[in-house]
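Come along while I look things up, one entry at a time.

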Amino acid sequence: ESQGPARRQNLYRTPSKRSEKRVPYTPVSRQQPEALSLLPAALPAGVSFHPAGSCLCLWRVVDLLLSPVKVVLMLLLVIIRIPIVIIFMLLPIACRKCLFKCLFGCGYPLYLTTIGKKYWGCILESMYTGGSSPRPHTVDVVPTRLSTCTIWPVPVASDNYSYLIVDHATGVCAVVDPGAHVPLILACFQLGVVPRYVLLTHAHHDHCGGVDELCRQYPIIEVWCGPGEKVFGHKTRVLHDKDVFKVGRTAVNIVSTPCHTPGSLCFCIPKVRSIIPGDLDSSPGGIRDSEAILTGDTLFLGGTGATFHGTDIMMWRSLQKLNEIPDECRVFPGHEYTETLRWFAAWLEPDNERAFIMAHEANAQRSMRKPTIPGIMGIERKINPWLRSAEEALGRSIDTRLDQYYEGVSWCSRQWQCLNSPPREWLAFPVPMASRAISTPHR
């Protein structure tokens with residue numbers, strides 16, 4: 001850590017011939033399927049994701065009974081969840097906001113501890129090892145081929161996206177935000193790749209909940225994250241702003257975007273400026289040459305992440321760092337929130353015709369469980385309110401739409417409060433009912 005620039009320079013490294021020979025790999029063009037089958041039946045016989053296998057065993061029942069943490073969490077889930085939902089439906093908006101603020105103030109600090117990790121582990125066990133095949137929240141997800149690598153989106157949990165970055169030249173694979181291990185291990189088996197790195201945009205459990213099992217299945221994995229981020233049970237390596245990390249020969253530019261968490265990061269993958277046959281160190285571009293960006297929970301399609309560890313000013317400064325990204329750059333967020341957030345953007349700015357068009361498009365895609373990713377940065381600059389906060393017309397819309405309902409509340413926080421405790425104007429807006437049913441964001 002004391003070496004400073006020398007340590008950062010080492011991040012920009014070229015794999016040696018010896019390390020390349022150790023990577024079991026076949027050419028990407030020969031092994032990439034048209035689509036990934038993310039069901040446990042697709043895994044070869046004899047391989048399981050959990051010591052108990054794919055069904056509930058006696059030792060798991062005993063472990064459940066003997067584990068006081070799991071018992072307490074399950075009781076809280078059953079006893080508290082249903083009354084809270086009923087109370088939220090009956091109370092007026094002002095009381096909803098106050099109650100939500102109190103519950104969040106108590107629950108979020110617990111979510112960041114090992115109790116939150118245990119809770120997320122229970123959710124994953126019920127989803128992926130309960131004896132039934134989980135249904136992915138999104139189907140027909142296609143890869144995005146870039147100049148140096150291919151990005152494979154992998155739907156995990158209820159609305160998360162993890163990503164596999166597979167380098168074309170060496171076959172080195174990096175996993176971004178492994179919220180659950182089961183679909184990622186399935187994807188690696190089908191692609192014939194062995195993950196070498198885990199890159200975390202931030203350390204919320206829904207983005208790093210699969211790290212334990214991935215490291216158990218692939219002991220060579222190195223876990224990298226931003227400063228101040230803590231992954232329980234793992235020694236992580238730190239990435240800083242303006243670092244350049246290498247996945248094989250694919251360069252990944254690190255952009256620090258603190259606010260959602262103190263060490264939130266975005267990963268920019270630039271085009272290669274010059275490619276010389278046989279040269280292992282082709283010159284990659286900077287952020288201005290980015291052809292893809294993985295934003296985690298900092299930037300969504302149509303919205304932005306919640307300001308859990310910062311203010312609107314911090315979020316604005318973080319988003320300003322993304323101004324240099326070209327309009328044709330593809331955006332890969334950490335959640336499938338696009339449909340609801342684009343309807344919110346259309347309601348917030350009714351004169352923006354492009355926002356209505358994109359909202360209807362997202363609604364059509366999600367009605368068939370199709371992915372809305374990747375987005376295009378140029379489109380986001382036209383419809384995403386949080387990337388256009390300096391526009392005077394948008395400011396007037398915010399004054400009339402939000403301030404009368406959520407005065408004194410953080411601007412970014414109003415987005416989530418409006419979606420969870422919508423005003424009457426939002427309920428009267430011509431939005432499909434499926435778009436209004438959004439659970440309370442806990443990321």
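**Entry 1: a term before I start.** I call two strands paired if DSSP finds at least two bridges between them. With that in hand, I looked up Val255 and found that its bridge partner in S10 is Cys266. I also noted for myself that this is a predicted model.

**Entry 2: the whole chain.** I counted 18 helices and 17 strands in the protein chain. Of its 443 residues, 50% are buried. I then turned to contacts with a separation of 6 or more, and 67% of them in the protein chain are between residues 24 or more positions apart. For the surface, I noted that the chain exposes about 20600 Å², with carbon and sulfur atoms supplying 60% of it.

**Entry 3: a sheet.** In what order do the strands of the open sheet of six run? I wrote down S8-S9-S10-S13-S16-S17, and the pairing is mixed. Which strands stand at the edges? They are S8 (244-247) and S17 (375-376); each has a single partner strand, so one side of each is left without a neighbour in the sheet.

Strand S16 (residues 330-333) and S17 run antiparallel and are joined by two bridges. Arg330 has Ile376 as its bridge partner in S17.

Entry 4: Val244 has its bridge partner in S9, namely Asn253. The hairpin of S8 and S9 has two residues between the strands, and there I found Gly248 with a positive phi near 65°. S9 is also joined to S10 by four bridges, and these two strands run antiparallel.

Is S9 buried or exposed? I checked strand S9 (residues 250-256) and found seven of the seven residues buried, so it is largely enclosed by the rest of the structure. I remembered that in a regular strand the side chains alternate between the two faces of the sheet. On one side of S9 I listed Thr250, Val252, Ile254 and Ser256, and on the other Ala251, Asn253 and Val255; all are buried, and both faces are covered.

**Entry 5: the cores.** Which residues touch the most other members of the largest nonpolar core? Among its 45 residues, the answer is Phe245 and Phe267. Strand S10 (residues 265-270) gives this core its largest share, five residues. A second, separate core has 32 residues, including Cys173, Val182, Leu214 and Cys215.

I stayed with Phe267 for a moment. Leaving aside its neighbours within four places in sequence, I found Phe267 in contact with residues including Val176, Leu199 and Leu200.

**Entry 6: aromatic rings.** I found nine aromatic pairs in the structure. Tyr108, Tyr111 and Phe308 are linked into a cluster by ring pairs.

**Entry 7: cysteines.** How many disulfides does a search of the whole structure find? It finds zero. Cys173 is in no disulfide, and the nearest cysteine sulfur, that of Cys188, is 4.8 Å away. Cys173 is buried, with a relative accessible area of 0%.

Cys268 is buried, with a relative accessible area of 0%.

Technical notes. Residues numbered from 1 in each chain as written. Predicted model: local features only at pLDDT ≥ 70, side-chain atom pairs only at ≥ 80, totals over all residues. Heavy atoms only, no water. Core = buried A, V, L, I, M, F, W, Y, C linked by side-chain atoms within 4.5 Å. Buried < 20%, exposed > 50% of the residue type's maximum accessible area, 1.4 Å probe, protein only. Contact = heavy atoms within 4.5 Å. Areas by Shrake-Rupley, 256 points an atom, 1.4 Å probe, with all protein chains shown as cover. Phe/Tyr/Trp six-rings, centres within 6.5 Å; stacked < 30°, edge-to-face > 60°. Disulfide = S-S within 2.5 Å.
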